[in-house]
Amino acid sequence: MAGVTRKKAGKNATDGADAAHGRTLRGRTTAAPLRAPKRGSTSAAASGPRSAGPATLRARAPRRSKADAERLAPRGDAAKRERMIEEQRQLLERRAEAAERILRETVSTISHDLRNSLSVIVVSARMLMRSVPQEGPGKRQLEAITRAADEINQLAQDLVDAMSIENGSLKVGKGAHEVEPILDKAIELVAPTVALKPLEIAKELPHELPPIACDRERIVQVIATLLGNAMRFTPKGGRITVRAEPSGTDARFSISDTGPGISPEQQLLLFARHAPPRRPMGQGMGLAAFVTKGIVEAHGGTIWVESSPGQGSTFFFTIPAAGLSVRTAT
């Protein structure tokens with residue numbers, strides 16, 4: 001009995017402790033929760049960390065756009081950006097100038113080497129022509145080789161001239177020269193081709209034509225180029241007329257042919273730097289026309305064409321007459 005009583009007493013003690021602990025836990029869990037202070041409260045709790053969150057969110061400034069940020073950036077940053085842009089521009093300009101210089105040097109080198117090789121071909125072909133009978137079987141082939149070599153040689157020179165014209169470095173002399181010797185020299189250059197086709201070339205100029213202020217070799221080149229173009233598109237037995245006449249303070253030159261003519265649409269492309277890959281017959285001379293225009297304009301003249309389909313073409317260009325300051329030039 002005593003043992004049972006002691007067990008019960010222990011159990012009751014344990015139950016009492018548990019009950020006391022339960023009251024303590026219940027007291028803790030049932031404690032009144034913290035409540036947010038009412039609006040307008042001046043209590044210390046209202047100024048604590050919990051009440052600062054919503055107020056901070058409401059006071060946050062709106063987000064700025066990229067344009068606003070750049071506009072409101074410090075002046076030092078704007079100046080830095082301007083310096084960077086300027087440095088980048090100068091760098092690109094230097095690179096472009098270097099690339100253009102390399103291109104000019106490359107074209108000049110290739111043209112020089114090409115013309116050296118072509119000169120060997122031309123000289124050799126002409127030496128062989130002397131040993132071949134006038135009506136021999138190889139005469140025509142040698143003449144074709146010579147003509148092709150001359151055309152490639154002129155193309156190489158046109159490439160160099162085109163580069164000079166594009167960058168504004170083409171230089172021409174301006175001495176006082178008589179017109180008739182210039183025409184005679186140009187006709188002489190194309191005479192072998194004229195005899196092969198054959199064609200007729202007529203020269204017309206007045207007795208009193210003042211000297212012109214020009215680079216003699218360059219004007220010979222212009223006339224020979226226009227004559228070559230006229231011969232290319234004039235059928236066998238056709239006629240080409242070369243004229244020179246006064247026109248105000250200028251001398252006006254013209255080269256007329258009896259070829260197929262040029263349509264108005266095609267005339268707009270005659271003197272372009274880059275001719276279309278499929279150029280209809282009579283449309284123009286490609287790079288040679290661009291060079292011809294550049295040479296004439298470098299002398300202070302103008303060049304144009306008048307033509308109608310089926311009625312031939314006439315190319316005109318003007319060169320200023322020689323003034324007193326260049327009359328004594330050679």
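Start by selecting α5 (139-166): of all the elements, α5 gives the most to the lining of the largest pocket, 12 residues. Helices here are DSSP runs of H or I, at least four residues, and strands are runs of E, at least two, numbered from the N terminus. Before going on, note that this is a predicted model, where local features need pLDDT of at least 70, side-chain atom pairs count only at pLDDT 80 or more, and totals for chains, interfaces and linings use all residues. Residues are numbered from 1 along each chain as its sequence is written, and side-chain values use heavy atoms, with hydrogens and water left out.

**The largest pocket**

Now pick R147, D150, E151, L189 and T193, which lie nearest the centre of this pocket among its 40 lining residues. A pocket is an open set of points on a 1 Å grid over the protein atoms alone, with protein on both sides within 12 Å along at least five of seven lines; a cavity is a set where a 1.4 Å probe fits but cannot get out, and lining residues have an atom within 4 Å of a point. The space in the largest pocket is about 1,500 Å³, a volume being the space filled by probe spheres set on the points, which are joined across faces, edges and corners.

Colour by class and you get 15 nonpolar, 11 polar and 14 charged residues. (Ala, Val, Leu, Ile, Met, Phe, Trp, Tyr, Cys and Pro count as nonpolar, Asp, Glu, Lys and Arg as charged, and the others, Gly among them, as polar.)

**The second largest cavity**

Next, select Q154, D158, Q221, V222, T225, A288, V291, T292 and I295, the lining of the second largest cavity. α5, α7 and α9 each give two or more residues to that lining, and α9 has the largest share, with four. The volume of this cavity is about 30 Å³.

**The sheet**

Finally, show the strands: five of them form an open sheet, ordered β2-β4-β5-β7-β6, with mixed pairing. Two strands pair if DSSP finds at least two bridges between them. β2 (200-204) and β6 (303-307) are at the edges with a single partner strand each, so one side of each has no neighbour in the sheet.

Zoom in on β5 (250-256) and β7 (313-320), which pair in the antiparallel sense over seven bridges. Within this pair, R252 stands opposite T318 of β7.
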